[in-house]
Amino acid sequence: MPHNRRILTYAIAAAAATTGLVFPPGATAAAPSTAASDFNGDGYADLAVGVPDATVADQTKAGYVNVVWGGPKGVGAYGSIRVTQATPEVPGTPEAGDRFGTSVALVDLNGDDIAELLVGTPGEDVTDRGTDAGMVIAVGGSKDGPGPGSTVLTGPAPSAAYGTSVTAAALTADDNKVIVIGGTDKVVARVIQGEDSMVTTIVAAPMGGRAPILATGDFDSDGTADLATAYWTAGDPNTQSHVRLWKWDADRSAMANFWNTDNAGVSALAAGDFNGDGHDDLALGECREIADENIDDPCGPETLAKGGGIHIHYGNPAGTPFGSRAQTLNQDTPGVPGAAENGDRFGAALAVADINHDGRDDLIAGAPGEAIASTAGAGAAWLLHGGAQGLLDAHGTATSRSWNQDTPGVPGVAEAGDTFGAAVATADYNANGVPDVTVGSPGENTSLGATWLLPSGSAASAAAFSPRTLGLPYLSTPHKYGKPLNSR
């Protein structure tokens, strides 16, 4: 497949130039504010759901992305669009095993208040580069529907699997957007610089066959976003297990590592200001110590790793080392509903928003392995409120609540293997000024999957949607709809 350094810039510019106005059904006027994940320019945040296991054009696991429109009633009530490699102007064609939609992000790359859709396709076979080289695609958002699509980057070799993870942010001091891509044992970045771009490798190390975890936040308090990466291996004498922070080095035109915690394996990362001091903090989800030797307690007290622990490193003023203060919690922490049990996977998915508008970010955590009563693997999610000391008060107590499919007001019934909480996301989907929560349950309905909307982080008026309710084509094969949900 040919690779043109200017294709991405062209696609973004073309999308921005699109005119006309199409509202999702039922939304009769634009909301009074813009939203970072607004793909169709109507002023409401939208939700991208990756469905990499779906059959498309008779190709098993070719995959698609479902962009669900926001509106006055949130997401799920105004329809959606299905984006595949059969969509006009999206590069490639649906092929078995492409897994288009393995990673998704809605990001405004060009500053026009309309988000672009980034899609990871790690199973893509690339001409002259081999089987499963992988690819990340950008699809332009516009007021007339999907705009032009383009290739952001393709993997350089067989099994490179570019697109297992993806995120984007303005990581340079001059606000150039950087698209960060995870692949097999590698994290790379494409830096968009006006009419051109450059590609740089951030880290290359054994990652145990897992997708590297990516998040962005201003961790050194210098006013510019930084990158957090996490990866781990186990059962190897040369274990590579790290959470690492990177910042842009303009002199080298590369990302420079400035902070690490070793021996930690995590399933999720999330950045937020949980104590309201104006400095970004970093939450490590389902944190576990990988190395046998107890060197630095990378996840806090070992007892709090049972069932999955969340470990938070707190930010400090510029010039002060990041993460010198930390907190750890799990389901045995006072104020956290439930009890820590092996296999809960508490913190396997994380998202951040200031739900109660107190100036301190709150953390949403999923535990897809949580048993509800005797129902194994039904799954649950928690809202953990930030406070003056962070997610725990001075006495080590959390303020939180949890949801599952047996929670009053939440549609459905907790069933074995639903894995409610396998993915979580936040945005103000109804533009009422209060962030909402979405929770994915890819095991729902024999792994067809579904997603739940919790308006304003509450079970009141909660709703669910799935390929069936959205009128999407589906077969008897598992879709696992609801994981991933778009990162932001």
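**Close-up 1. The disulfide of C287 and C299.** In this predicted model, C287 and C299 form a disulfide with their sulfur atoms 1.9 Å apart, where a disulfide is taken as a pair of cysteine sulfur atoms within 2.5 Å. A search of the whole structure finds one disulfide, and the link of C287 and C299 is left-handed, with -65° about the S-S bond. The pair links distant parts of the chain, since C287 belongs to strand β18 (residues 281–289) and C299 to the loop between β18 and β19, 12 residues apart; strands (E, at least two residues) and helices (H or I, at least four) are DSSP runs, numbered from the N terminus. C287 counts as buried because its relative accessibility is 2%, and C299 is likewise buried, with a relative accessible area of 6%; buried means under 20% relative accessible area, exposed over 50%, and partly exposed in between (1.4 Å probe, protein chains only). Residues are numbered from 1 along each chain as its sequence is written, and side-chain values use heavy atoms, with hydrogens and water left out. As the model is predicted, local features need pLDDT of at least 70 and side-chain atom pairs count only at pLDDT 80 or more, whereas totals for chains, interfaces and linings use all residues.

**Close-up 2. The aromatic pair of W259 and F322.** The structure holds four aromatic pairs, with rings of Phe, Tyr and Trp (its six-membered ring) pairing if their centres lie within 6.5 Å, and with planes under 30 degrees apart counted as stacked, over 60 as edge-to-face and the rest as tilted. One of them joins W259 and F322 edge-to-face, at 5.1 Å centre to centre and with 90° between the planes. This pair links distant parts of the chain, 63 residues apart, with W259 in strand β15 (residues 254–262) and F322 in the loop between β19 (309–314) and β20 (325–329). Both W259 and F322 are buried, and ring pairs link F219, W259 and F322 into a cluster.

**Close-up 3. The aromatic pair of F420 and W452.** The ring centres of F420 and W452 are 5.5 Å apart and their planes stand at 75°, so the pair is edge-to-face. Because F420 lies in the loop between β24 (400–403) and β25 (423–427) and W452 in strand β27 (residues 450–454), the pair ties together parts that are 32 residues apart in sequence. F420 is buried, with a relative accessible area of 0%, and W452 counts as buried at 2% relative accessibility.

**Close-up 4. Arginines over ring faces.** R210 lies over the face of W232, at 3.4 Å from the ring centre, and R325 lies over the face of Y314, at 4.1 Å from the ring centre. A charge sits over a ring if NZ of Lys or CZ of Arg is within 6 Å of the ring centre and within 35 degrees of the ring normal.
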